[in-house]
Amino acid sequence: MTILIQNGHVVDPLTRMDGCYDVLIRDGRIEKVAEHIDEDADRMLDAKDCYVLPGLIDLHVHFRDPGLEYKETLSTGGRAAVKGGVTTVCAMPNTNPVIDDGEKVASVHERAKGEALTHVIQLGAVTKGQKGEELADICGMAKAGCHAVSEDGKSVMNTSLYRQGMKAAKECGISVFAHCEDQTLVENGVMNADENAKRLGLRGITNSVEDVITARDILLSKETGVKLHLCHCSTADSVKMVRLAKEEGLSVTAEVCPHHFILTSDDIKEDNGNYKMNPPLRSKADVEALRQGLKDGVMDVIATDHAPHAREEKDKSMAEAAFGIVGLETSAALTFTSLVKTGVLSMMDMAEKMSANPAKILGLSDRGSVSQGKAADIVIFDPTRTYKIDKNTFVSKGKNTPFDGFEVTGEVVCTLVDGKVVYDTLSD
Ligand SMILES: NC(=O)N[C@@H](CC(=O)O)C(=O)O
Ligand SMILES: [Zn+2]
Ligand SMILES: [Zn+2]
């Protein structure tokens, strides 16, 4: 089976190709990228006026499968992913049951092959049942193909136990993905602690809730040598700390989610559950620091923290609603609109932060690049179309987004996973 993608603007972080090229795919792999390829392929895709990028790799999603399938499944999450140009996801382990041993990791991987259109890498929890009491089977999960452990949804508050978990992860050659939130400082907060929270009569979450644990985790990574990836960074001080850690040469990487680099707490005009997520939307100064951190290269990755919930769980006051918003179907357009069109990032930077850097963090040497010999995970992105995000068009079960009605430019028009076209509006 051969596919020829013609006339697209290829942007490849590995070879630094940035111009009009054809891409020939044979049997799931990229055979050739060149200015003009004369080949009578089984299928031709005309990518004129579109970018051809390495398939996006989202280090942070919640597929809710097993156990919470009313929110999302491997199948619906997979469809949402490829509609957003995402060809690999890391699925967080806060399912029911919590993914905390090798067998459970293997079972999701096995099912995902048949049920999900995107590649799924299941992450394992740091502690059994995410209870924070005893370590999960970290090495067993590493053997089953889990590239990182994460207690996402919370932090392991017992610092000694967390240090043991980091040592185990380091020994088994995997990373730790950290959700930084000091449980003892949250005090039932539901949005950023500021004037707007007071106006709405809602309890606040201060920046230190995140920053205290970010500092702790960086120090523990320094001591144990484990590769640490900081999830959903939302504060100016987290950017400062990541910068310092990198200056010291520590193995620390960090991600930012579109909602955190676009919206501020002041965008919450009324008490609406779709603005509730963890960490919360922060101040203008925080948003500026995150954008600057992305521009400077201090912040490595853009990930969604796609967190689908059922309507009943979000259709209520922020005091009561579940934490989390969906993101897979909007992240490419939001990033392009807010960072690339405005000149904060180049298209090359976007491809790095949404594909090449995540591939590097996961150690996936055959993904994150549109170049010869790599897996044909590719996204074709049309940067010309302007439209309003409409949550009713989402294929995810979750419609919980604060971006409904938000005007964006840029749309994923075709996605290939291992050389198979899994999403396509180009040919319509
Ligand atoms: N981000 C969220 O607000 N919620 C996530 C958990 C998490 O990422 O911490 C969820 O699982 O719903
Ligand atoms: Zn989290
Ligand atoms: Zn999460």
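The legends below describe close-up views of a predicted model.

In this predicted model, local features need pLDDT of at least 70 and side-chain atom pairs count only at pLDDT 80 or more, while totals for chains, interfaces and linings use all residues. Residues are numbered from 1 along each chain as its sequence is written, and chains are lettered from A and ligands numbered from 1 in the order in which they are written.

**View 1. The residues around ligand 1.** The shell consists of His62, Asn94, Asp152, Gly153, His179, Met277, Asn278, Asp305, Ala307, Phe323 and Gly324, where a residue is near a molecule if its C-beta atom, placed from the backbone, lies within 6 Å of it. By class, this shell around ligand 1 has three nonpolar, six polar and two charged residues; Ala, Val, Leu, Ile, Met, Phe, Trp, Tyr, Cys and Pro count as nonpolar, Asp, Glu, Lys and Arg as charged, and the others, Gly among them, as polar.

View 2. Domain 1 is assigned as 2-51 + 375-424 and domain 2 as 56-362, with bounds that come from an automatic or database domain assignment. Their C-alpha centres lie 25 Å apart, and 29 residues of domain 1 are in contact with 40 residues of domain 2, contact being defined as C-beta atoms, placed from the backbone, that lie within 7 Å. On the side of domain 1 that touches domain 2, the elements that give two or more residues are β16 (378-388), β17 (407-417) and β18 (420-424); helices (H or I, at least four residues) and strands (E, at least two) are DSSP runs, numbered from the N terminus. Strand β17 provides the largest share of this side, seven residues, and the residues of the side divide into 17 nonpolar, seven polar and five charged.

View 3. Gly85 is found in the loop between α1 (74-83) and β7 (86-91). Gly85 counts as buried because 30 other C-beta atoms lie within 10 Å, the scale being buried at 20 or more such atoms within 10 Å, exposed at 12 or fewer, and partly exposed in between, with C-beta atoms placed from the backbone. Leaving aside residues up to four places away in sequence, Gly85 touches Gly55, Leu56, Ala332, Val379, Phe381, Val412 and Thr415.

**View 4. The sheet β6-β7-β8.** Three strands form this open sheet, in which the pairing is parallel; two strands pair if DSSP finds at least two bridges between them. Strands β6 (56-61) and β8 (119-122) are the edge strands, each pairing on one side only. Four bridges join β7 to β8, and Val89 has Val120 in β8 as its bridge partner. Helix α2 (residues 102-115) lies across β7 and β8 and runs at about 175° to β8, whereas helix α13 (residues 347-362) lies across β6 and β8 and runs at about 65° to β6; axes are lines fitted to C-alpha atoms, for helices over the stretch in contact, and angles run from 0 to 180 degrees between N-to-C directions.

**View 5. The sheet β9-β10-β13-β14-β15.** Five strands form this open sheet, again with parallel pairing, and its edge strands are β9 (148-150) and β15 (301-302). Strand β10 (residues 175-178) pairs with strand β13 (residues 228-230) in the parallel sense over three bridges, and Val176 stands opposite Leu228 in β13. Helix α8 (residues 236-247) packs on the sheet, touching β13 and β14 (252-256), and its direction makes about 155° with that of β14.

Terms used:
Contact = placed C-beta atoms within 7 Å.
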